[in-house]
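Here is a briefing on one protein model. Please keep the sequence and the coordinates open while you read.

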Amino acid sequence: MPTDQLSATLSALADPTRRAILARLGAGAATVTELARPFEMTLPGVSKHLKVLERAGLIARSRDAQWRPARLDAGPLKDVSDWVEEYRRHWEERFDRLDEYLRELKEPEKEKDRRNGDERKEKKDGTR
């Protein structure tokens, strides 16, 4: 079982059903019954997913009579975002280097095209 918050969050996000539940909760609080509608699973199955999300701190549950609506608590997602941000910068630097390399490859082509264009113009003008 993960002990640090980032591991718990990433573990909870690893399941597509839990990600879908979080996406739904992004639109507002919902009960287990409401959350179960789009899935082919039992209410206890959805409840198990909610427990994982709750342990990871991604949702909070309140009590409204016999209902226990869940709501999104996006705080732990900030840690994930910060962690991923470091890698995004890494890939952006790599893409910048790739862009530069591709520009370098295109320069000889542009020069060749320019020369060919000058030669065609000279032939057309009869200066060559």
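E92 and R88 are 4 residues apart in helix 5, so about one helical turn separates them. Their side chains meet in a salt bridge, with 2.2 Å from N to O. The model is predicted.

- E92 has a relative accessible area of 37%, so it counts as partly exposed.
- R88 is likewise partly exposed, because its relative accessibility is 37%.
- Which residues do shared partners join into one salt-bridge network? The network takes in E85, E86, R88, R89 and E92.
- Within helix 5, R89 and E86 sit 3 residues apart, about one turn of the helix.
- A salt bridge links R89 with E86, and their closest N and O atoms are 3.0 Å apart.
- R89 is partly exposed, because its relative accessibility comes to 39%.
- E86 also counts as partly exposed, with a value of 46%.

- Helix 5 covers residues 75-125 and holds both K78 and D82.
- K78 and D82 are 4 residues apart, about one turn of the helix.
- The two form a salt bridge, and 2.8 Å separates the closest N and O atoms.
- Is K78 buried or exposed? K78 has 52% relative accessibility, and the cut-off for exposed is over 50%, so K78 counts as exposed.
- D82 reaches a relative accessible area of 39%, so it is partly exposed.
- Across the whole structure, the search finds 6 salt bridges.

**Aromatic rings and a charge**

- The whole structure has 2 aromatic pairs.
- One of them joins W91 and F95, whose ring centres are 6.3 Å apart.
- How are the planes of the W91 and F95 rings set? They stand at 40 degrees, so the pair is tilted.
- The limits explain the label: planes under 30 degrees apart count as stacked and those over 60 as edge-to-face, so the rest are tilted.
- W91 and F95 both belong to helix 5. They are 4 residues apart, about one turn of the helix.
- W91 is partly exposed, because its relative accessibility is 44%.
- R94 lies over the face of W91. The distance to the ring centre is 5.4 Å.

**The fold as a whole**

- The protein has 5 helices and 2 strands.
- In sequence order, the pattern reads α-α-α-α-β-β-α.

**Burial, contacts and surface**

- What share of the 128 residues is buried? Buried residues make up 23% of them.
- The accessible surface of the protein is about 9500 Å². Carbon and sulfur atoms own 52% of that surface.

**Points to keep in view**

- The E92–R88 salt bridge at 2.2 Å and the R89–E86 salt bridge at 3.0 Å both involve residues of the network listed above.
- W91 takes part in the tilted pair with F95, and its face also has R94 over it.

Conventions: Residues numbered from 1 in each chain as written. Predicted model: local features only at pLDDT ≥ 70, side-chain atom pairs only at ≥ 80, totals over all residues. Heavy atoms only, no water. Buried < 20%, exposed > 50% of the residue type's maximum accessible area, 1.4 Å probe, protein only. Areas by Shrake-Rupley, 256 points an atom, 1.4 Å probe, with all protein chains shown as cover. Salt bridge = Lys/Arg side-chain N within 4 Å of Asp/Glu carboxyl O. Phe/Tyr/Trp six-rings, centres within 6.5 Å; stacked < 30°, edge-to-face > 60°. Lys NZ or Arg CZ within 6 Å of the ring centre and 35° of its normal.
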